[in-house]
Amino acid sequence: MDSTTLTFTKTTSCICNFMTGDATALSGIDCDKSMRDSWFNGLLAMEDTLVLERYVNEELLKIHSGHDDDAHLSHVLEHDFLDEQVNAIKEIGDKISQLKRAGKGLGEYLFDQKL
């Protein structure tokens, strides 16, 4: 299992564990954000991924700002999720820049081989 998959699994597990203790903090989030299930090329897929990551970051910030009185939730969000989201957004943005430089066809294929 690569590091991204391991991080995603850890994050998902942490959210599930937190929700079992305080489900009201995370209720009302629309998780069905993606409108596509297929993409024309890797660049479009990465751009959609960036949109989703930014959406998740915005929702986490809304939860954080709405629960200032809950120190435990604030700590978990700041240390386990928000830092990770910022790093993921930067990493995806960097990959988008690389894909744009690589171009379509062979460039995209070579980029995919490095992943």
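Helices (H or I, at least four residues) and strands (E, at least two) are taken as DSSP runs, numbered from the N terminus. The model is predicted, with local features requiring pLDDT of at least 70 and side-chain atom pairs pLDDT 80 or more, while totals for chains, interfaces and linings use all residues. Residues are numbered from 1 along each chain as its sequence is written, and side-chain values use heavy atoms, with hydrogens and water left out.

**Exercise 1.** Determine in which helix Leu 106 lies, and whether Leu 106 is buried or exposed.

*Solution.* Leu 106 belongs to helix H4. For the second part, buried means under 20% relative accessible area, exposed over 50%, and partly exposed in between (1.4 Å probe, protein chains only). Leu 106 counts as exposed because its relative accessibility is 59%. Together with Tyr 109 and Leu 110, Leu 106 forms a nonpolar patch on the surface, with about 330 Å² of accessible area for the three together. Such a patch is made of residues with over 30% relative accessible area and no salt bridge, like charges being joined within 9 Å and nonpolar side chains (Val, Leu, Ile, Met, Phe, Trp, Tyr) within 5 Å; the areas come from the Shrake-Rupley method with a 1.4 Å probe, and for residues only the protein chains shown count as cover.

**Exercise 2.** Describe how helices H3 and H4 pack, and which residues make the contact.

*Solution.* Helix H3 (residues 71–102) and helix H4 (residues 106–114) pack at about 145°, their axes lying 8 Å apart. Here axes are lines fitted to C-alpha atoms, for helices over the stretch in contact, and angles run from 0 to 180 degrees between N-to-C directions. Taking contact as heavy atoms within 4.5 Å, one finds Lys 95, Gln 98, Leu 99 and Ala 102 on H3, facing Gly 107, Glu 108 and Phe 111 on H4.

**Exercise 3.** Find how many salt bridges the whole structure holds, and characterise the one between Lys 62 and Glu 59.

*Solution.* With a salt bridge defined as a side-chain nitrogen of Lys or Arg within 4 Å of a carboxyl oxygen of Asp or Glu, the search finds three. In the pair Lys 62 and Glu 59, the closest N and O atoms are 3.4 Å apart. Because these two residues are three apart in helix H2 (residues 42–66), about one helical turn separates them. Lys 62 counts as exposed at 52% relative accessibility, whereas Glu 59 is buried at 13%.
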